[in-house]
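This report goes through a few local features of one protein chain. Please keep the sequence and the model open while reading.

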Amino acid sequence: MTVDQAAGRRDTSPRPGHVPVVIVGAGPVGVTAALLLARRGVRTVVLERHHDVYPLPRAVAADDEVRRILQAAGVQEEFAAISRPARGLRLLDARHRVMAEFPRAAQGAHGFPQTSMFDQPELERLLRDALARTPECELRGGVEVVGVYQNGDGPDDDGPDDVGPDGEGPHGEGPDDEGPDDEGPVRVAYRDEAGEHLLRADAVLGCDGAGSLTRDAIGAAWEDLRFEERWTVVDVRTSLPVRCWEGVDQICDPRRPATFMRIGEDRYRWEFRLRDDSELDQERLRDLIAPWADLTPGGDFTVLRQARYTFRARIADRWRRGRVFLLGDAAHLTPPFIGQGLCAGLRDAHNLTWKLARVLRQGADERLLETYESERKPHARHVIRLAVAMGWAMTGGQDGAAAVRRGVLNAVVRIPGLSAAAARDLVPVLAAGPLVHRRARWGGRGLVGGFCPQPWVTVDGRRVRLDELLGDSFALLTAVPPAPSLRAVADGLGARTVPVAGLGDDGRLAAWLREGRADAVLLRPDRVVMDVVPSGAGDLTGTADWASLLHTTRSPLPSPRSVEESLSRSTTR
């Protein structure tokens with residue numbers, strides 16, 4: 001792929017009518033999904049209506065789990081160069097007195113700062129640059145998707161890549177039936193300057209935002225989680241002194257709630273809920289930001305963007321139909337108060353792509369794809385509710401309620417361990433399910449459904465992060481020599497078996513296994529603990545329950561990148 005293609009310019013070379021996966025939308029979620037699929041040998045075509053990245057900042061925060069996802073997509077080092085660690089979150093009252101503080105660590109369990117600030121256009125550019133370097137991915141920009149069809153609906157499929165002007169069908173798909181008959185090839189109709197085209201795909205990922213056509217195509221509807229407010233967002237570049245604690249300030253003032261954060265060396269963002277929709281002139285803006293900065297006439301202070309947004313809390317009632325899936329804002333809308341909107345979309349991509357690749361490339365059971373919504377939807381709902389609660393803490397109630405709220409918060413934040421618990425609450429363990437095997441009578445219950453930590457380890461004298469050693473597939477971490485039956489299971493999954501002793505991680509993984517009363521853990525490709533070998537048990541607890549989903553009709557395929565290649569490109573400490 002050429003740089004021109006990466007910028008969204010139309011490629012005039014011949015295009016086949018079939019592609020394994022079509023991704024609708026080239027925002028961070030869509031492009032990350034394409035890169036993750038490419039790591040597993042799955043070709044994609046990404047369709048995007050814009051020719052270039054959207055130039056104005058939107059999302060600005062990523063947590064350490066998302067940094068790990070970007071590592072899996074192969075862009076972590078580039079992201080590190082454009083991001084800035086943040087110290088955490090403070091809740092302030094109307095007089096800017098600290099009510100509560102939730103610090104974030106410089107290195108979280110995933111091996112990265114627990115909060116990083118960034119400029120979304122810069123993230124999108126580095127993702128598209130990576131896409132341009134990846135032969136399994138193609139970006140077609142400046143196109144309009146007009147239909148997504150499956151099960152015989154929509155245009156006929158006789159031609160390789162062409163839809164006549166009368167070939168459009170309804171966006172709906174007929175009867176609402178799931179099952180094998182609902183999983184046939186998907187067709188995506190789109191138009192560009194040259195006319196109308198039809199792509200046949202084995203799967204379609206709808207990463208096309210809040211106004212998703214893909215969501216309409218699968219007959220999904222919004223569930224309103226009852227939060228809707230109009231806010232004004234102001235992005236600024238200035239060299240003037242700004243009073244900043246290097247974290248996020250949330251002003252809990254029902255009369256004038258606000259949010260402030262530093263994004264970069266000279267970049268800042270303010271968000272205000274105003275009583276009217278009038279433009280902020282220089283004088284009014286000076287009054288609003290006075291607690292943080294003093295604007296002097298003629299001083300270096302450039303407003304990059306001033307925009308009004310309606311913050312909403314919604315979740316789609318269904319995320320999949322057949323081989324069509326919703327990700328990101330197409331599936332859920334999160335108010336921005338805890339910085340989890342984009343994070344949730346990247347988690348969607350990480351959860352779905354390895355499962356889809358295993359079905360498409362290795363012939364795994366179609367039921368594996370059902371676990372995407374069952375695992376991700378409860379977590380997305382949970383995070384939205386946390387964001388709504390934070391929104392109400394900032395904006396709800398009158399002066400009396402605000403006083404009560406301040407007293408309660410001051411008491412609550414003194415509870416030992418509350419800050420750590422609040423951080424964990426953003427990423428609760430997955431509920432028990434087909435790929436999360438949890439039995440009360442076995443040891444290791446506390447590990448299953450959670451993430452494996454990612455320390456730095458030593459391999460052949462090199463210091464690398466754990467995931468660079470594990471590769472892109474399943475992995476077995478073990479503190480004891482694995483029994484032959486356990487090794488056979490690992491081999492059947494294409495899992496790399498890694499003894500935790502001697503990794504040079506200061507015993508962190510061995511201690512994690514001991515605390516979880518486990519001799520070994522089986523990690524999914526997204527680094528979630530799927531199953532455990534309890535201390536002294538010798539074998540995994542639930543092979544019979546998940547094996548049928550992961551059984552493949554074709555031999556396990558090697559990762560497109562070998563572990564040796566991964567290590568050679570890793571950055572050492």
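A residue is called buried when its relative accessible area is under 20%, and exposed when that area is over 50%. The model described here is predicted.

**Two residues with positive phi**

Most residues other than glycine have a negative phi. Arg527 is not a glycine, yet its phi is positive, at about 75°. Arg527 sits in the loop that lies between strand 24 and strand 25. Is Arg527 buried or exposed? Its relative accessibility is 3%, so Arg527 counts as buried.

Asp460 also has a positive phi, near 50°. Its place is the loop between strand 20 (456–459) and strand 21 (462–465). Asp460 has a relative accessible area of 75% and is therefore exposed.

**The hairpin around Asp460**

Strands 20 and 21 form a hairpin, with 2 residues between them, and Asp460 is in the turn. The two strands pair in the antiparallel sense over 4 bridges. Trp456 stands opposite Arg465, which belongs to strand 21.

Strands of a sheet pair through backbone hydrogen bonds, either parallel or antiparallel.

Strand 24 (residues 518–523) pairs with strand 25 in the antiparallel sense over 5 bridges. Ala518 stands opposite Pro534 of strand 25.

**Strand 1 and its partners**

How many of the 7 residues of strand 1 are buried? In strand 1 (residues 18–24) the number is 6, so the strand is largely enclosed by the rest of the structure. Strand 1 pairs in the parallel sense with strand 11 (residues 195–206), over 6 bridges. Val19 has Ala201 of strand 11 as its bridge partner. Strand 1 also runs parallel to strand 2 (residues 44–48), to which 4 bridges join it. Here the bridge partner of Val22 is Val45, in strand 2. Together with helix 2 (residues 28–39), strands 1 and 2 make a right-handed β-α-β unit.

| Strand pair | Sense | Bridges |
|---|---|---|
| Strand 1 and strand 11 | parallel | 6 bridges |
| Strand 1 and strand 2 | parallel | 4 bridges |
| Strand 20 and strand 21 | antiparallel | 4 bridges |
| Strand 24 and strand 25 | antiparallel | 5 bridges |

**Cavities**

The structure holds 2 cavities of 30 Å³ or more. The largest cavity has a volume of about 180 Å³. Which residues lie nearest the centre of the largest cavity? They are Glu65, Arg347, Arg376, Leu430 and Phe451, out of a lining of 16 residues. Helix 8 (341–362) and helix 9 (370–395) each supply at least two residues of that lining.

How values were computed:
Residues numbered from 1 in each chain as written. Predicted model: local features only at pLDDT ≥ 70, side-chain atom pairs only at ≥ 80, totals over all residues. Heavy atoms only, no water. Pairing = 2+ DSSP bridges. Buried < 20%, exposed > 50% of the residue type's maximum accessible area, 1.4 Å probe, protein only. Right-handed = clockwise from strand over helix to strand, strands pointing away. 1 Å grid on protein atoms, 1.4 Å probe; cavity = no way out; pocket = protein on both sides within 12 Å on 5 of 7 lines; lining within 4 Å. Points joined across faces, edges and corners; volume = space filled by probe spheres on them.
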